Amino acid sequence: MFIKIRRDTLIILLLAFMLIVCGRLITYVAYASSDEMSDGVPISGIIVKGNDIVPTDTIRSNVMQAGFRDGSVIYGDILKTSKREVSLQDAIQTAQEFAKQSTVPGTSIMPITAADVQVDKNTGVVTVTVIEDFSSVELENSTWG
Amino acid sequence: MDLSKFKISIIFLLIFLLSMSSVAATCNIIIITDPTGQDPNGAAAGSMSFADNMFQSTFLMSKENQFVVLSGGTGSSDTRLDSIVAAVASLENNASAASAASIASSYKGARLVVGGPSIGAAIGGSFDAYVITVDEATDEIKVTPYNSGVATLPPGQKGAIIHLRNTDGNPLYGTADTVRKETAINIGKMIRDGYPATTILSEAMGEVANDSGEKYGGGGVNLVSGISTGDMFTPKDMNETGYPMNEEYSKVCDDCGWGVGYPTAEGYDTCPVCGGSLRIVYAYEALGSALTVSPNSVSVSVYGSDKSGLASTTKEIVEAAVSKYGYDASAIASAINRGIDNGILMGVDHVEPKDINVKQGSKAVGVYYNALPGDRSSPPWDLPVDGNILNILGSIQTAVGIILILLVVFRSRLLKSFQNR
């Protein structure tokens, strides 16, 4: 032995080590069994309804741009995103505008004439309902291709 | 003097030609093998070209009304988009395929191929196409060339339409006529032999890509099941070509199902999981397998959480549960809950049978999850002791342990100071 140590010292050290490990374990169990919610409600997902030809992913990514994305949290009437804090109403307005800007991929065709965004403040689920209408599409004279 | 005028006119002609060939989807195929709409793979369509910008606008599909609009031609992009929008709008108002396709002729240089399992198919505008029909009773294959007006495949008829032209600059320029004819005949034979439309589309696109060089995706759609290849093969940016449909797309192991996409796949010769040999999947085969629905597959929709991997894992679990227990919401729910308990599904709370929406008729299952708060990976444990008590107990134990260590370390010094007193 390099360090001279008494046997009862070793036993007490071992006991202390086990106490700490058990203590940490119990703290983890306490965390794992607690079901209390954190302060805010995180955005858990986006459901897109009513689209037919415009891909769901396009609309979803546009709504994410308005702040309803993974990592954003709702505190009451405030939406806290990774970039800024906005009021939930404003965010919903922006999301509706952005959803209407969804295009058919690779073109400037914007067939979505109306969009409604609902946010469930308890579950964090965002439901986007859109109306797609190709008979009222206006094309800008932009060059493509 | 004359020579310089001649040169100038040549240059103008060149510029004109260059601007003409800006957008040209030069291969459009639509195949209907089951006009009744029973077979989930009974109608398919696809577009590809040697040219740039083969975005999804060249193979637009309506899932609700089951129609597809394939487009192409030499006109400017704006007129082409105008024609697409007009065709979609008229099809949404229950226009016939022929009348929707005829819209293309009022736009300069445009071409439209429209169709669906119930409305038949039609091609209009500027095209060089074959219409293939297969008689159900006699198995007779008819392949008819068309190049003007509107060519139709009548509703209720098994058959296909293929349009193929070569793009300027294609090294295989001039092969379009023969390849179009041979592919048309092969499509006819495969329809007669009873292959599903998605398989035929994949084979036909492979043949066209290999033999005529009109190979950049593009993509395809399965009209009956509402599946699109989306941006699998389309270009990432403007003025670029998409994925070549006749080149390697991925490598898969047939024994254990492991797979990897190119260019990473170049480094693998054997399967790193089971050591088996790897099979090369070409892009047109990948298109076929992406569009083809197996009869016992289930379409699974996941709501309530966008966590990565959740949707695909849920699909696997639901498919296994359905094949074992059938379309039973409580059996599916308990299978999902087992997955959550085993740590296969992370970040969601347990589901109840009422969270599972089962539609046996359309082979669809919807799962509504409740996401867990914060960074939690699994649902809270159900313990008889309150979490706060455990928390306090744990902290006290940790503190006692640390104090004990301090006491031991300074034991001799502490004992001495007590003795001295």
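Which residues lie on one side of strand S9 (residues 150–153) of chain B and which on the other, and are they buried or exposed? Val150(B) and Thr152(B) are on one side, Ala151(B) and Leu153(B) are on the other, and all of them are buried, so that both faces of the strand are covered. Here a residue is called buried if 20 or more other C-beta atoms lie within 10 Å of its own, exposed if 12 or fewer do, and partly exposed in between, with the C-beta atoms placed from the backbone. In a regular strand the side chains alternate between the two faces of the sheet.

The structure is a predicted model, in which local features need pLDDT of at least 70 and side-chain atom pairs count only at pLDDT 80 or more, whereas totals for chains, interfaces and linings use all residues. Residues are numbered from 1 along each chain as its sequence is written, and chains are lettered from A and ligands numbered from 1 in the order in which they are written.

Strand S9(B) is joined by 4 bridges to strand S6 (residues 120–125) of chain B, and the two run antiparallel. Within this pairing, Ala121(B) has Leu153(B) in S9(B) as its bridge partner. Two strands are said to pair if DSSP finds at least two bridges between them, and the elements themselves are DSSP runs numbered from the N terminus, helices being H or I with at least four residues and strands being E with at least two.

**The two chains**

Chain B contains 10 helices and 18 strands. Its radius of gyration of 30 Å is well over the 22 Å that the globule rule gives for 421 residues, so chain B is more spread out than a compact globule. The radius is taken over C-alpha atoms, and the rule is 2.2 Å times the number of residues to the power 0.38. Chain A has 3 helices and 7 strands, which follow one another from the N terminus as α-β-β-α-β-β-β-α-β-β. For chain A the radius of gyration is 27 Å, well over the 15 Å given by the globule rule for 145 residues, so this chain too is more spread out than a compact globule.

| Chain | Span of the C-alpha trace along principal axes | Buried residues |
|---|---|---|
| Chain A | about 90 × 35 × 25 Å | 33% of 145 residues |
| Chain B | about 125 × 65 × 45 Å | 44% of 421 residues |

Two residues are in contact if their C-beta atoms, placed from the backbone, lie within 7 Å. Among contacts between residues at least 6 apart in sequence, 65% in chain B join residues at least 24 apart, and in chain A the corresponding share is 60%.

**Domains and the interface**

The domain bounds come from an automatic or database domain assignment. For chain B this assignment gives domain 1 (19–242), domain 2 (299–368) and domain 3 (387–420), and the C-alpha centres of domain 1 and domain 2 of chain B lie 36 Å apart. Chain A is divided into domain 1 (1–36) and domain 2 (41–136), with 50 Å between their centres, taken over C-alpha atoms.

Between the chains, 46 residues of chain A are in contact with 49 residues of chain B. On the side of chain A that touches chain B, the elements giving two or more residues are helix H1 (7–33) and strand S2 (45–49) of chain A, and H1(A) supplies the largest share, 17 residues. By class, this side of chain A has 26 nonpolar, 16 polar and 4 charged residues, where Ala, Val, Leu, Ile, Met, Phe, Trp, Tyr, Cys and Pro count as nonpolar, Asp, Glu, Lys and Arg as charged, and the others, Gly among them, as polar.

**A three-stranded sheet in chain B**

In chain B, 3 strands form an open sheet in the order S14-S13-S15, with antiparallel pairing. Strand S14 (259–261) and strand S15 (278–282) of chain B are the edge strands, each pairing on one side only. Strand S13 (residues 248–253) of chain B pairs with S14(B) over 3 bridges, and Ser250(B) stands opposite Gly261(B) in S14(B). Helix H6 (residues 283–291) of chain B packs on the sheet, touching S13 and S15 of chain B, and its direction makes about 85 degrees with that of S15(B); axes are lines fitted to C-alpha atoms, for helices over the stretch in contact, and angles run from 0 to 180 degrees between N-to-C directions.
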